[in-house]
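Have a look at the model first, then follow the steps.

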Amino acid sequence: MMTGGGKYTTIDNQKLQGSVPAVPDPSHVAVQFTDSNMQTFPPTGVQGKISSASGPPRDVDDTFSKPSSGSDEPQSSGWFRAFSITSYKQYFDVDTSDVLDRIKDSLIPFRDSFNEKTSSNPDLYGPFWICTTLIFVAASIGTFVTYIAHKLQHKEWEYDIKIVTWSAGLFYGYVTIVPVLLYVILKYFSAPSGLVQLLCLYGYSLFVFIPALCLSLVPLVIFRWVVTGIAGFMSATFVAINLRAHIKSAGERWFLIVAAIFVLQLALSFVLKLYLFTVTV
């Protein structure tokens, strides 16, 4: 600092700094940093715009970010699902205990609880194997009986493949065509029923003919007619009673529809008696 005599007086810088306040620079911007826990990854409690960037942008293809459906096959829609094997998988997803319980219900024809039990989970596994077993049993018994008869009469025996093809056409055709026709008729009378449920009902209704075919080995005509009649009556009653409650909503003609179902099932047993329960040489 300059004095009156033209001399400079030395002032302690420390005292000067302590006595004169600092003037802030207007061009300087103070930045404050918040405390962060760098030991934690990923950081918690993230705030600001960066939190919205933690996921992919909205215009990004999320094909690989979606959960897998468990199948590598393309998902079909509309009528194309009818030609996809995966669409029928749910109808074969049953346990052995479920199939056995439904077989037991089919052997007690006067109960009408079968449709209620299978309404939420109808299956095609049981009907398929019941029809396949019927074809095998019919072909085996027919072949065995004709073979023994030829040997007892000292005749030459030849295997007849027609019994297999005829049995397959009869059982597979009946359990498929009849439910489809009934499905169309019920839909026409404004009492629609599930097609798979009808296939399930008719498939299990044929189980009673398996023991009946085994009993046809007894070489008595009257006994075979009795066995066929009992099996046909049980099968027809099982189908008619389980459909009666549903068909009543069709109006006054419900009795005619139920009666036609009953008679058609009896006709099946009559056809079985003529062609499968009677073995001729």
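**Exercise 1.** Find how many aromatic pairs there are, then examine the pair of Trp254 and Phe255.

*Solution.* Start with the rule: rings of Phe, Tyr and Trp (its six-membered ring) pair if their centres lie within 6.5 Å, with planes under 30 degrees apart stacked, over 60 edge-to-face and the rest tilted. The count comes to 10 aromatic pairs. Trp254 and Phe255 form an edge-to-face pair, 6.0 Å centre to centre with 90° between the planes. The model is predicted: local features need pLDDT of at least 70, side-chain atom pairs count only at pLDDT 80 or more, and totals for chains, interfaces and linings use all residues. Residues are numbered from 1 along each chain as its sequence is written, and side-chain values use heavy atoms, leaving out hydrogens and water.

Next, take accessibility (buried under 20% relative accessible area, exposed over 50%, partly exposed in between; 1.4 Å probe, protein chains only). Trp254 is partly exposed at 24%, and Phe255 is exposed at 55%.

**Exercise 2.** Which residues of helix H2 are buried, and where do they lie around the axis?

*Solution.* Helices (H or I, at least four residues) are DSSP runs numbered from the N terminus. In H2 (residues 96-106), the buried residues are Val99, Arg102, Ile103, Asp105 and Ser106. They lie on the same side of H2 because they cover an arc of only 160° around the axis, taken from the directions from the helix axis to the C-beta atoms. Finally, the face turned away from this buried side carries the exposed Thr96 and Lys104.

How values were computed: Helix = DSSP H or I, 4+ residues; strand = E, 2+ residues; numbered from the N terminus.
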